[in-house]
Amino acid sequence: MLIQNGAVYTAATPDPIRADISIENGRIKAIAPGLSPIPGEKVVDASGLRVYPGFVDAHSHLALDGYGMGRDSIDYNEMGDIISPQLRGIDSFNPQDRSIEMARRGGVTTVGVGPGSANVLGGTFFAVKTYGSCVDDMILRDPVAMKCAFGENPKRCYRDKGNSARMSTAAKLRDALFSAQDYLARKEAAGDDAQKRPKFDLKMEALIPVLKGEIPLKAHAHRADDICTAIRIAREFGVNMTLEHCTEGHLIPEVVARSGFPVAVGPTLTHASKLELSNKSFDTPGILARAGCQVSIITDSSVIPQQYLSLCAGLAVKAGMDPFSALQAITINPARHLGVADRVGSLEVGKDADLVLADGDPMVSDTTVKAVFIDGQQVVG
């Protein structure tokens, strides 16, 4: 396929370029002006249109919270066990959920999906494309992170089950990580001697990739003190972490920047439904980006419908965020956040041919997405 005559916004450099995009075997083969089609190649005329990378959301519960299904059909929280690292988001993902089609019609082509924040440890997130009939064929990377949560949600959901204070949440997370460290040490010391190995424990096995630095903790933290607690615990155990929501990050931007941890900000286009959201602001992503943080903007779908990701970026621009930083916050930064930037997030040779063609700036409400491509296949338009 050859896409010609579009204004190409690569998300790798600030200014658009007038170029054609050659696609072969689902990947970007070339980006250059004046490319000529080869015999039999499909040509898409993008004259008058802008061409963007497919949008990426680093934090969502897409297709785990069934569209139009009601509260009894929510599949993203296990309410019976506050420590549940063994759960895998892929096992609750419904590819037939209507919200997936709605997401790609909004230009969202890759999403980080996984458990919610009821549990101190809730299970693993995965990166998935928004097109397909079976999750196993849609997965870009699994797992990408281990969900953990601080603040009001674990307290509220497990208040009558021994977790009524923030220090209780922190203690339970530490206990799980210490136990996993001990389990891993005994497993490694046993070597090939099966009789010396610790009894198999699925929870502990699930935490080994975190301890080895293969995946980060994905830390739900809204309030500034919860953000600091998350950073503190990550430092104690020498594990990687991403800071999710980071609602009060604008109150401590230097602390967040100094941590070096990637930040996913949102969902901001919502009512402040609990105390820890009272300082919620669209100023936050811009402040953190200017402080030097790697910022992604998220919907936390279904809190904000997935298809409105680009509009959330537009509202951040309205609040003062640099437009190019906002574009990167829904493209290359969340791809980095999820560990899939080698495949998606920018328009570069060798990457997946995930593209959005729009008749204007997608961060503006009157813009229409005209076509969407995933792995070189036209899935919208």
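Q: What share of the contacts in the chain between residues at least 6 apart in sequence join residues at least 24 apart?
A: This is a predicted model. In the chain, 68% of the contacts between residues at least 6 apart in sequence join residues at least 24 apart.

Q: What radius of gyration does the chain have, and what would a compact globule have?
A: The general idea is to compare the value with a rule for globules. A compact globule of 381 residues would have a radius of gyration near 21 Å, and the chain agrees, with 21 Å. Along the principal axes, the C-alpha atoms of the chain fill a box of roughly 65 × 50 × 40 Å.

Q: How many helices and strands does the chain have?
A: The secondary structure comes to 11 helices and 16 strands.

Q: What percentage of the residues in the chain are buried?
A: A residue is called buried if its relative accessible area is under 20%. Of the 381 residues in the chain, 57% are buried. C312 is buried, because its relative accessible area is 2%.

Q: How many disulfides does a search of the whole structure find?
A: The search finds zero. C157, for instance, is in no disulfide, and the nearest cysteine sulfur, that of C148, is 15 Å away.

Q: How far apart are the mean positions of the positive and negative charges of the chain?
A: The chain has 40 positive and 45 negative charges, and their mean positions are 3 Å apart.

Technical notes
Residues numbered from 1 in each chain as written. Predicted model: local features only at pLDDT ≥ 70, side-chain atom pairs only at ≥ 80, totals over all residues. Heavy atoms only, no water. Disulfide = S-S within 2.5 Å. Buried < 20%, exposed > 50% of the residue type's maximum accessible area, 1.4 Å probe, protein only. Helix = DSSP H or I, 4+ residues; strand = E, 2+ residues; numbered from the N terminus. Rg over C-alpha atoms; globule rule 2.2 N^0.38 Å. Contact = heavy atoms within 4.5 Å. Lys, Arg positive; Asp, Glu negative; His and termini not counted. Charge placed at Lys NZ, Arg CZ, Asp CG, Glu CD.
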